[in-house]
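Dear colleague,

I am passing on a structure for you to look through.

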Number of protein chains: 2
Amino acid sequence: MKLSTKGRYGVSAMYDLAVHHGQGPISLKSVALRQGISEHYLEQLMGTLRKAGYVKSVRGAQGGYTLTRQPAEITVGDIIRIMEGPTAPVDCLLADAENNKYCVRAGHCVTRGVWAKVRDSIDAVLDSITLADLAKEDKS
Amino acid sequence: MKLSTKGRYGVSAMYDLAVHHGQGPISLKSVALRQGISEHYLEQLMGTLRKAGYVKSVRGAQGGYTLTRQPAEITVGDIIRIMEGPTAPVDCLLADAENNKYCVRAGHCVTRGVWAKVRDSIDAVLDSITLADLAKEDKS
DNA sequence: ATAATTCCTATCGCATTACTCGGAAAAGCG
DNA sequence: CGCTTTTCCGAGTAATGCGATAGGAATTAT
């Protein structure tokens, strides 16, 4: 049940952008430095966030990244789901046909209900916390 | 945030033992068959559960495994923690000195509080469900 | 004795993670 | 214009863990 660095770094980076929101493009280099993340690795993660529409970028000198929405409108859950995929602890909870092969036993699977409750409680926590909440308790 | 098969199979196997609790030793073979798990792989998982004191084994013909406590006294959380390790989504939440190296930033880490809340909500769900609860809604 | 069963150690292919590397393309600045 | 800063992109890579499989030793009911 571990989170990978994708999720952790993603949230840290987005938190950093939230703290500096409204100050123009923030360079990846400065984010990486403040958050203690490998610059080159963070580059890949920001690509994911950009393609998902959560940040926009400005290339060239004095360029960088900015949030596309207000910090209060982006939850930690949004970021985790983009960086790590669905929060469901087991694949058989996923709705798409692709995964039904994993769930021939779905009809008589007693544990399935347990995992659904876990997923829901994780989502409830992650979706209740916005970047604005985190930026407010700024300890950087 | 995925659960591995260790946790899933572990819960399934323990659920199976709970359903047949009081019927003497249950062979690994029959558990594997009913739950759709590789017999040889399950063997390793049962070893972990045995060493943790949750099941006891009888060797030889007509042997097998039995729960060491009543189904109502074993929670899904117990099993998951044995099979998968701590439910903390990030290592920096672990108390032991071994992991402090990962947390030089602990003092000013805003995201840490988020992960603690996630862990607590996962634990609350998993610790609230016992094997007796699962056995009650037997769909096998 | 034999068959059934747990126990133990080792190995293995595969996927993922967490990077690193090298360079192309864009844009501000002198 | 040319230089530097910065994003963008694809490849490569070492280490790790997962989900088994393999083979056999030890134990015990029948």
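This is a predicted model: local features need pLDDT of at least 70, side-chain atom pairs count only at pLDDT 80 or more; totals for chains, interfaces and linings use all residues.

Residues are numbered from 1 along each chain as its sequence is written, chains are lettered from A and ligands numbered from 1 in the order in which they are written, and side-chain values use heavy atoms, with hydrogens and water left out.

Chain A is superposed on chain B by a rotation of 180° with 0.0 Å of shift along its axis, at an RMSD of 0.0 Å (by least squares on the C-alpha atoms of residues with pLDDT of at least 70 in both). That is the relation of a two-fold axis, and Met1(A) is the residue of chain A that comes closest to the rotation axis, with its C-alpha at 2.3 Å.

Within chain A, helix 1 (residues 5-19) and helix 3 pack at an angle of about 80°, their axes 10 Å apart (helices are DSSP runs of H or I with at least four residues, and strands are runs of E with at least two; axes are lines fitted to C-alpha atoms over the stretch in contact, and angles run from 0 to 180 degrees between N-to-C directions). That makes helix 1 of chain A roughly perpendicular to helix 3 of chain A, a term that covers 65 to 115 degrees.

Among the polar contacts (N or O atoms within 3.5 Å), a side-chain N or O atom of His40(B) is 2.6 Å from a base oxygen of DNA strand D, and a polar side-chain atom of Ser38(B) lies 3.1 Å from a phosphate oxygen of DNA strand D.

DNA strand C has 26 residues around it, with His40(A), Gln44(A), Glu43(B), Ser57(B) and Tyr65(B) coming nearest. A polar side-chain atom of His40(A) lies 2.7 Å from a base oxygen of DNA strand C, whereas a polar side-chain atom of Tyr65(B) lies 2.6 Å from a phosphate oxygen of DNA strand C.

Best regards

Conventions: A polar contact is a pair of N or O atoms within 3.5 Å; within protein, one must be able to donate a hydrogen and the other to accept it, and residues adjacent in sequence count only if both atoms are side-chain atoms. Angles under 35 degrees count as roughly parallel, over 145 as roughly antiparallel, 65 to 115 as roughly perpendicular and the rest as oblique. A residue is near a molecule or strand if one of its heavy atoms lies within 4 Å of it.
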